[in-house]
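User: I would like to learn how to read a few local features of a model. Can we work through them one at a time?

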Amino acid sequence: MLPTKKIFQKIIEGDEVCTVELCRECLSNGYDAMEILEKSMIPAMDQCGVLLTNRKSFIPQVLMSTRAMQAGIEVLKPYLSQQENKLMISETVIIGTVMGDVHTIGKNLVSIMLESVGTTVIDLGANISGKEFIDAITKYQARFVMMSAMLTSAMVSMRKIVKEIKDHEFGWDVVIIIGGVMVTLAFAKEIGVEYAENAIIGMEKILKIHD
Ligand code: B12
């Protein structure tokens with residue numbers, strides 16, 4: 001079995017030790033970090049979602065898979081850098097997963113991509129309220145805010161938080177970019193914000209708007 005295929009399997013099994021070893025093995029055999037992430041690791045998490053939906057797996061197993069995924073990402077992190085995007089930018093970006101939602105992996109990937117192009121990322125974590133976003137934007141005088149929502153129910157709080165930020169008078173324009181598995185371009189348009197379907201596109205969007 002190809003090591004990349006094995007990574008897929010080991011993440012589903014929640015085997016953190018093997019996932020880390022296999023990621024190291026793939027890197028030393030010349031596999032591209034982004035390819036490992038996109039072709040093996042993210043599909044493994046998607047498969048966890050399918051198993052969860054079909055009741056073939058339960059929350060404790062998904063949490064073990066999450067740990068394996070996070071440990072694998074730590075190994076890949078130094079190689080995920082987007083150095084070909086030579087436009088290093090000195091922006092501060094506030095990022096968080098919205099209130100009611102504890103999913104963090106996608107948000108963390110966005111942070112990694114942003115840091116790789118020189119952005120200062122203030123990661124507020126998960127379950128973040130409108131007030132917490134507003135306080136951070138004010139404190140860091142940030143022009144960019146990125147929000148993640150993975151649950152359909154969290155999109156309700158995303159809509160509310162976006163309105164709170166838009167209604168707040170900062171004294172400068174704030175660009176909001178949203179993402180997450182249930183979030184769509186149509187939803188983003190409806191609530192008047194930018195949308196990016198993955199971490200790389202999110203990072204590229206900041207580079208583009210920053211210009
Ligand atoms: C891991 C996981 C969990 C873990 C989360 C651990 C953690 N620390 O993150 C745990 C076990 C805690 C969990 C809990 C629950 N989960 Co869950 N979970 C998942 C799972 C399997 C994988 C998510 C993941 O990490 N994927 C890998 C990452 C890399 O992908 P990603 O997050 O989508 O991010 C990519 C893009 O979306 C994008 N992106 C994401 N955020 C952002 C933000 C910005 C700004 C940008 C630009 C881009 C971006 O970029 C990333 C790629 O580059 C998904 C299934 C799935 N297919 O997504 C279900 C899923 C999201 N969970 C689901 C559910 C229902 C739940 C629970 C309600 C289950 C329960 N009965 O309790 C709880 C909710 C808890 C809560 N209040 O939040 C559903 C949501 C369905 C829905 N329509 O709402 C899903 C889709 C599973 C399913 N098929 O049913 N879950």
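Analyst: We can begin with one residue. This is a predicted model. Beyond its neighbours within four places in sequence, threonine 4 is in contact with Cys26, Tyr31 and Ser40. Threonine 4 sits in helix H1 (residues 3-13).

User: Is threonine 4 buried or exposed, and why?

Analyst: Buried means under 20% relative accessible area. Threonine 4 has 15% relative accessibility, so it counts as buried.

User: Which residues of H9 are buried?

Analyst: The general idea comes from helix geometry. An α-helix has 3.6 residues a turn, so residues three or four places apart point the same way. In H9, the buried residues are Ala199, Ile200, Gly202, Met203, Ile206 and Leu207. They cover an arc of only 165° around the axis, which puts them on the same side of H9. They pack against helix H3 (33-53), strand E1 (92-97), helix H5 (105-115), strand E3 (144-148) and strand E4 (175-179).

User: Which residue caps the N-terminal end of H9?

Analyst: Asparagine 198 does, with a side-chain oxygen 3.1 Å from the backbone nitrogen of isoleucine 200.

User: How many residues surround the ligand, and which are the closest?

Analyst: There are 36 residues around the ligand, and the closest are Val102, His103, Thr104, Ser148 and Thr152. For serine 148, a polar side-chain atom is 2.7 Å from a ligand nitrogen atom. Backbone atoms take part as well: a polar one of glycine 49 lies 3.4 Å from a nitrogen atom of the ligand, and a backbone N or O atom of valine 181 is 3.4 Å from a ligand oxygen atom.

Note on methods:
Residues numbered from 1 in each chain as written. Predicted model: local features only at pLDDT ≥ 70, side-chain atom pairs only at ≥ 80, totals over all residues. Heavy atoms only, no water. Buried < 20%, exposed > 50% of the residue type's maximum accessible area, 1.4 Å probe, protein only. Helix = DSSP H or I, 4+ residues; strand = E, 2+ residues; numbered from the N terminus. Arc of directions from axis to C-beta. Contact = heavy atoms within 4.5 Å. Polar contact = N/O pair within 3.5 Å; in protein donor to acceptor, adjacent residues only side chain to side chain. Near = heavy atom within 4 Å.
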